[in-house]
Amino acid sequence: MHVNLEQLRGFVAVARLGNFTRAASELHLAQPSLSRQIAALEQDLGAELFHRARTGATLTVAGESLLPLARRMLADAESVRRELAELAGLERGRVRLGATPTLCISLVAEVLSVFHTAHPAIELHLSEQGSRRLLDELAGGELDLALITTSDATAAERFSVVPLIDEELVVVSSAAAPPVVAGNRISLAELAALPQIVFSSSYDLRSATDGAFRAAGLSPVVVLEGAEMDAVLRFAERGLGVAIVPAMVLIDRPGLRSVRLRGETLTRTISLARPADVAPTIAVGVMQRTIAATATAFAARAGDTMRLVGA
């Protein structure tokens with residue numbers, strides 16, 4: 001699915017004005033062009049967004065659900081545009097960002113691509129560590145920002161921590177193999193009987209999944225232990241076993257299929273942390289905006305398995 005900002009601007013304009021012709025005029029578009037944009041957006045989303053009538057256009061249930069998210073995405077994009085315009089004359093600068101391995105291969109890869117394309121003169125440094133180590137580096141002045149997946153620092157006065165996304169952990173397997181279970185849900189008991197690929201003990205995810213099995217009195221079948229995130233995903237794609245991973249890492253990975261957990265869902269919160277007593281530079285401020293906008297886009301693409309905190 002690919003949703004662009006022009007489609008969202010057209011959608012919001014029609015929703016506000018209730019009329020395709022007036023919206024097209026406001027956006028300086030031909031009315032057929034706007035209609036094609038909205039039709040393409042509806043096709044990508046798999047749902048009609050407007051009830052069309054001779055008297056105008058009104059939102060469907062799907063359209064009403066999309067409207068607040070579309071407005072937020074456009075607002076975030078405008079914020080990033082303004083911040084990047086502020087950076088236009090800056091020839092030197094630096095942003096030191098830390099993130100967990102699961103975020104480095106998904107959200108952070110997109111964030112850095114967008115940021116570097118917009119302002120290639122800014123020097124970027126990345127630290128890939130577990131959440132606790134990232135907080136240590138942040139406290140030690142080694143990082144400007146850290147994307148963490150634990151709430152350990154939320155009460156600490158030395159950090160400002162902003163939750164961005166609540167995300168489910170899902171079970172992935174090879175898309176080339178038969179589904180591991182009928183339907184789109186699997187219980188922990190069913191999962192425990194399947195061959196599993198599990199992460200290194202240093203991963204926050206490992207602690208969460210091990211704890212869930214212990215609480216249920218289950219002992220999972222492990223075929224491979226100690227792998228890093230990218231290796232786990234590749235092994236699952238090759239059919240070595242199943243793995244419990246964050247929903248975010250499935251974006252743009254057609255070689256994997258996923259099922260959600262039945263019953264008590266495993267989730268994690270992705271938060272952005274920075275030192276509370278240090279004013280961010282312009283470059284760091286723009287990076288914060290870029291992360292927020294990219295997180296919004298990721299949540300829109302992931303469907304029910306991911307939601308913006310406070311949305």
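Author: Two strands pair if DSSP finds at least two bridges between them. Strands (E, at least two residues) and helices (H or I, at least four) are DSSP runs, numbered from the N terminus. This is a predicted model, in which local features need pLDDT of at least 70, side-chain atom pairs count only at pLDDT 80 or more, and totals for chains, interfaces and linings use all residues. Residues are numbered from 1 along each chain as its sequence is written, and side-chain values use heavy atoms, with hydrogens and water left out.

Reader: What makes strand 6 and strand 13 a pair?

Author: They share 3 bridges, in the antiparallel sense. The rule asks for at least two, so they pair. Asp166 has Arg307 of strand 13 (residues 306-308) as its bridge partner.

Reader: Which bridges link strand 6 and strand 12?

Author: There are 9 bridges, again antiparallel. Strand 11 (residues 256-261) is joined to strand 6 by 4 bridges and runs antiparallel to it. Ser174 stands opposite Leu256.

Reader: Why is strand 6 called largely enclosed?

Author: Count the buried residues: 13 of the 16 in strand 6 (residues 159-174) qualify, so the rest of the structure largely encloses it. Buried means under 20% relative accessible area, exposed means over 50%, and partly exposed lies in between (1.4 Å probe, protein chains only).

Reader: How do you know that Thr149 is buried or exposed?

Author: Thr149 has a relative accessible area of 13%. That is under 20%, so Thr149 is buried. It sits in the loop between strand 5 (145-148) and strand 6. Its contacts (heavy atoms within 4.5 Å) include Thr100, Asp204 and Arg268, with neighbours within four places in sequence left aside.

Reader: What makes a set of residues a nonpolar core?

Author: The members are buried Ala, Val, Leu, Ile, Met, Phe, Trp, Tyr and Cys residues, joined through side-chain atoms within 4.5 Å. The largest such core has 32 residues. Val171, Val172, Ile186, Leu191, Met229 and Val245 touch the most other members. Strand 6, helix 9 (204-215) and helix 10 (229-237) are among the elements that give it two or more residues. Another core, of 28 residues, lies apart from it and includes Val95 and Ala295.

Reader: Why is the link between Asp144 and Arg96 called a salt bridge?

Author: The term needs a side-chain nitrogen of Lys or Arg within 4 Å of a carboxyl oxygen of Asp or Glu. Here the closest N and O atoms are 3.0 Å apart, so the pair qualifies. Asp144 lies in the loop between helix 7 (131-139) and strand 5, and Arg96 in strand 3 (residues 94-99), so the bridge ties together parts 48 residues apart in sequence. Asp144 is buried at 17%. Arg96 is buried at 15%.

Reader: What of Glu42 and Arg52?

Author: Their side chains meet at 3.1 Å, N to O. That is within 4 Å, so this is a salt bridge. Glu42 is buried at 11%. Arg52, at 45%, is partly exposed.

Reader: How many salt bridges are there in the whole structure?

Author: The search finds 14. Arg253 and Glu237 form one, at 3.5 Å, N to O. Salt bridges with shared partners join Asp230, Arg234, Glu237 and Arg253 into one network.
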